[in-house]
Amino acid sequence: MTLCAFERQALLASPPSFELITKQLLQSARGQHFAVLAYCCMPDHMHLLVDGLKEEASLLSFISEFKQRTAFTYKRLSGASLWQDGFYDHVLRSDECASGVARYVLENPVRAGFVRYPLAWPYLGSERYALRELLESVR
């Protein structure tokens with residue numbers, strides 16, 4: 001899925017924002033029964049690959065909680081809004097490979113011309129996998 005920063009401003013790819021986003025992402029995912037397989041913060045948007053761990057896992061509840069928590073803290077610290085309303089999601093079909101989506105998520109900064117290799121971008125990660133392991137598995 002893709003979440004956009006408020007008015008597509010370059011708010012997300014900075015150490016303080018990334019620390020806040022990552023902490024709340026993992027906390028919200030655990031509470032809402034999701035595993036975070038891959039994530040990448042670009043300057044004005046964020047890509048996520050998540051997997052529901054239980055039948056009752058609700059993507060809407062997860063994203064709502066995550067955006068609410070990060071937006072509240074960001075507003076308290078900076079006085080500014082963090083997220084654009086809504087998000088874009090794509091449910092993988094049976095013929096789609098999760099590793100292809102992980103590749104898209106992790107290689108986004110390379111395609112954008114920010115870095116030559118995904119690991120050179122400091123604003124990406126995975127709750128489930130070591131980054132090198134994940135990148136090697138999606139080649």
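Tutor: Rings of Phe, Tyr and Trp (its six-membered ring) pair if their centres lie within 6.5 Å; planes under 30 degrees apart count as stacked, over 60 as edge-to-face and the rest as tilted. Ring pairs of this kind link Phe18, Tyr39, Phe114, Trp121 and Tyr123 into a cluster. The model is predicted: local features need pLDDT of at least 70, side-chain atom pairs count only at pLDDT 80 or more, and totals for chains, interfaces and linings use all residues. Residues are numbered from 1 along each chain as its sequence is written, and side-chain values use heavy atoms, leaving out hydrogens and water.

Student: How many aromatic pairs does the structure hold?

Tutor: Six.

Student: Why is the pair of Phe18 and Tyr39 called tilted?

Tutor: The ring centres are 6.1 Å apart and the planes lie at 35°, so the pair is tilted. Phe18 sits in helix 1 (residues 15-31) and Tyr39 in strand 2 (residues 34-41), 21 residues apart. Helices (H or I, at least four residues) and strands (E, at least two) are DSSP runs, numbered from the N terminus.

Student: What makes Phe18 buried?

Tutor: Buried means under 20% relative accessible area. Phe18 has 12%, so Phe18 is buried. Tyr39 counts as buried too, at 7%.

Student: Why is the pair of Phe34 and Phe62 called stacked?

Tutor: The centres are 5.0 Å apart and the planes are at 20°, so this pair is stacked. Phe34 lies in strand 2 and Phe62 in helix 2 (residues 59-78), so the pair ties together parts 28 residues apart in sequence.

Student: How do you know that Phe62 is buried?

Tutor: Its relative accessible area is 0%, so Phe62 is buried. Phe34 is buried at 7%.

Notes: Buried < 20%, exposed > 50% of the residue type's maximum accessible area, 1.4 Å probe, protein only.
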